[in-house]
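Biologist: Can you walk me through this model? Keep it short, please.
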Amino acid sequence: MRDYLKILLVLINLNIFHDFLYSQPQETLRNLNRWQIKEVAKHSLRLGDVYSAIEYYEALLKYKPYNYSIKYELAKLYQKVRNYQKAEELFNEIYQNVPEKYPEALFYRALNKKMLGEYDDAKEDFNLFLKKIKGTELEKSYKKLTNIELEGIELAKKFLANPTNIFIIHLDSGINKPFLEASPVPYKGGLLYTSIKKDKPIYFEKDSFVLKRKIFFAKKIENKYKTIGIFDNNIDDDEYDVCNPAFSPDKKRLYFNKCYKNWKNKYICHIYMSEYVNGKWSIPIKLGGEINLNQYTSTQPTIGIDPKTGADVLYFVSDRKGSIGGLDIWYSVYDIKKGTFKTPKNLGKKINTPLDEITPFYDYENKILYFSSNGLPNIGGFDIYKAYGELKQFSSPENLGYPTNSSADDIYFINDESEKSGYFVSNRKGSTPYLYENCCFDIFKFLYSEQIKLFVKGKVYAINDSSLYALLKKEIEQTTNNDFYVDSSKNIKTLSNVNVYLYLNDQNNNEILIKNTFTNENGEYIFSLEPDKNYKLVFKNFSYFDKIIKLSTKGYNKSDTIIANAVFLNVLPTEPIIIKNIYFKFDKWELTDSAKLVIDTTIFKLLVNYPKLIVEIKAHTDSLGNEKYNLKLSQKRAQSVVNYLISKGIEPERLIAKGYGSSKPIAPNFNPDGTDNPEGRKKNRRVEFQIIGNIDEQKIIYED
């Protein structure tokens with residue numbers, strides 16, 4: 001398994017993020033003996049010059065054609081550079097001749113057959129491999145990996161038999177060149193992407209220190225792409241590879257990578273940010289030490305929105321401590337008060353696997369995370385998946401199927417803003433060949449040939465809660481002889497500004513909140529849905545069980561709008577409710593026994609019967625005395641009521657004390673002729689309460 005992981009990690013660190021550079025080994029080989037060739041081969045590998053190392057190892061085989069240790073190293077190198085055909089041939093030769101020395105060669109033979117789309121032969125090899133390693137040390141390391149590959153083969157057959165309605169276009173030579181093109185991002189009707197603009201071989205000795213990856217901008221002119229040049233001079237940096245651009249939702253901030261090789265020859269990326277100010281992109285700043293760590297890579301940023309604060313949420317890839325596999329997807333929420341990103345958190349085992357997850361793209365409008373993985377069942381190498389949710393709450397990943405995914409590696413998925421098309425990167429058949437068919441990554445565009453659009457809409461109505469109103473009316477009238485002035489009719493009317501939540505039930509029956517909206521002035525709401533999914537709508541029913549509507553889009557094969565049943569929600573009083581008989585002694589705030597009795601039969605009973613209610617206790621004074629003093633006195637009186645309710649077992653988080661002094665009179669303190677109005681003052685010296693919320697609505701839905 002260590003060899004398998006090593007191959008995959010080298011593939012990530014060298015191949016996807018950085019082009020292989022190579023020298024001119026044919027010139028060098030003329031002057032070397034076989035021992036020197038072996039040392040030069042090792043040196044080339046240390047420098048990341050894999051293509052040269054391949055040529056040196058091939059030269060060594062001419063001296064020792066039956067040296068299977070050299071052939072094994074060479075086979076792994078061919079797999080690293082995605083020459084699946086040559087790798088499969090070498091692993092086959094090794095397994096046929098020395099299976100006892102390299103039993104895992106059968107696994108790699110099967111793996112390369114799968115990458116070539118030879119699924120039946122690969123399945124046969126994987127099953128044979130499982131039999132061969134049963135009861136051996138290799139079983140522990142390879143059994144789970146092999147079963148994942150076998151599951152992927154069955155998935156491939158299913159997808160190939162039922163392709164999705166997507167049309168794939170290989171972008172023209174205005175963008176795609178013989179070397180890697182990556183990280184496409186739609187921008188101003190064109191496309192940002194990362195590349196080394198080079199049509200000829202890159203020679204290690206001459207070019208490695210001057211050629212760097214850069215972000216380019218291409219426009220579409222007469223249905224063809226034309227690269228205009230470097231995206232922005234402030235973003236560009238000749239000392240680093242500059243790559244992986246990602247915009248904030250408001251397009252005011254650009255996040256991207258600057259990458260380099262450290263002293264251990266490890267490829268390290270750090271995340272930078274530039275702001276769009278006065279029509280220009282500012283000088284980039286490097287994100288702080290929570291995000292960028294010198295010994296680890298932090299790469300491939302994509303941006304979401306914090307549902308609580310509206311701040312940027314940074315999703316990115318890293319191999320830092322705490323990673324489940326070699327490379328994992330992490331997230332960090334921007335702290336608006338501190339002006340920094342918080343400590344990153346791993347997305348967890350639902351998304352990340354013991355292998356690698358890379359190239360995330362977050363669709364913040366629909367709350368979908370797209371990413372590539374080779375640790376989930378795949379139809380070949382890295383497949384593209386999607387998961388619904390945000391922060392750390394995501395549904396189980398779904399494979400996007402064929403033809404978005406192929407038997408080769410498919411990465412860097414991104415939707416266009418129109419949601420009718422998008423882009424991804426692949427080394428599949430049809431990409432620009434250079435040394436061999438699958439060598440190089442190109443950018444592909446996809447179009448939805450027939451996109452099914454589904455919606456659900458409905459109405460929410462208000463109906464007064466007769467039981468609560470009856471309780472309040474009866475108790476308050478009996479205690480205070482005061483008319484209960486809140487309208488308690490049962491008239492039904494549409495209800496605006498209701499928060500409606502849309503949850504997705506994924507294939508593992510996980511419920512993930514993916515959207516929420518508010519009803520309009522007519523009580524209406526609407527959500528867009530995806531085909532072949534199970535959903536539920538949740539309506540917060542104040543102090544009662546939530547109202548729920550379950551719906552499914554399974555079986556819909558054309559665009560449609562689902563009309564949901566009408567929802568009736570209880571409406572509780574929002575106006576302050578006056579309780580007159582809570583009296584205090586002059587200039588005092590301690591509750592009298594008679595005041596406690598009133599509280600016991602009104603507010604306390606209400607809070608016991610409706611254990612989710614949050615109320616504000618409001619205390620008022622008349623206008624006699626200093627206003628500052630009255631404000632302080634009224635606050636103490638309100639707090640005394642709260643303290644009494646807490647002593648009777650009401651949770652403190654359900655109670656808020658607020659003194660208003662004489663600022664909110666309900667009757668005149670003076671008569672029109674300027675004389676004192678004792679009756680008016682008496683009405684103003686009051687305690688009242690107001691229902692301000694529901695304990696469930698105060699809970700934070702998402703944990704940071």
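Modeller: We'll go through a hairpin, some aromatic rings and one aspartate. This is a predicted model: local features need pLDDT of at least 70, side-chain atom pairs count only at pLDDT 80 or more, and totals for chains, interfaces and linings use all residues. Residues are numbered from 1 along each chain as its sequence is written, and side-chain values use heavy atoms, with hydrogens and water left out.

Biologist: Why is strand 6 described as largely enclosed by the rest of the structure?
Modeller: 7 of its 7 residues, 241-247, are buried, so the rest of the structure largely encloses strand 6. Buried means under 20% relative accessible area, with a 1.4 Å probe and protein chains only. Strands are DSSP runs of E, at least two residues, and helices are runs of H or I, at least four, numbered from the N terminus.

Biologist: How many bridges join strand 6 to strand 7?
Modeller: 5 bridges, and the two strands run antiparallel. Strands pair if DSSP finds at least two bridges between them. Phenylalanine 247 stands opposite leucine 254 in strand 7.

Biologist: And what sits between strand 6 and strand 7 in the hairpin?
Modeller: 5 residues. Lysine 251 in that turn has a positive phi of about 65 degrees.

Biologist: New topic. How many aromatic pairs does the structure hold?
Modeller: 31. Rings of Phe, Tyr and Trp (its six-membered ring) pair if their centres lie within 6.5 Å; planes under 30 degrees apart are stacked, over 60 edge-to-face, and the rest tilted. One of the pairs is phenylalanine 129 with tyrosine 142, edge-to-face at 5.5 Å centre to centre and 80 degrees between the planes.

Biologist: Where do phenylalanine 129 and tyrosine 142 lie?
Modeller: Phenylalanine 129 is in helix 8 and tyrosine 142 in helix 9, so the pair ties together parts 13 residues apart in sequence. Both residues are buried.

Biologist: What about tyrosine 315 and tyrosine 331?
Modeller: Their ring centres are 6.3 Å apart and their planes at 40 degrees, so that pair is tilted. Tyrosine 315 lies in strand 12 and tyrosine 331 in strand 13, so the pair ties together parts 16 residues apart in sequence.

Biologist: Last one. Is aspartate 335 buried or exposed?
Modeller: Buried, at 16% relative accessibility. Aspartate 335 is found in strand 13. Leaving aside neighbours within four places in sequence, aspartate 335 is in contact (heavy atoms within 4.5 Å) with Thr340, Phe341 and Lys342.

Terms used: Buried means under 20% relative accessible area, exposed over 50%, partly exposed in between (1.4 Å probe, protein chains only).
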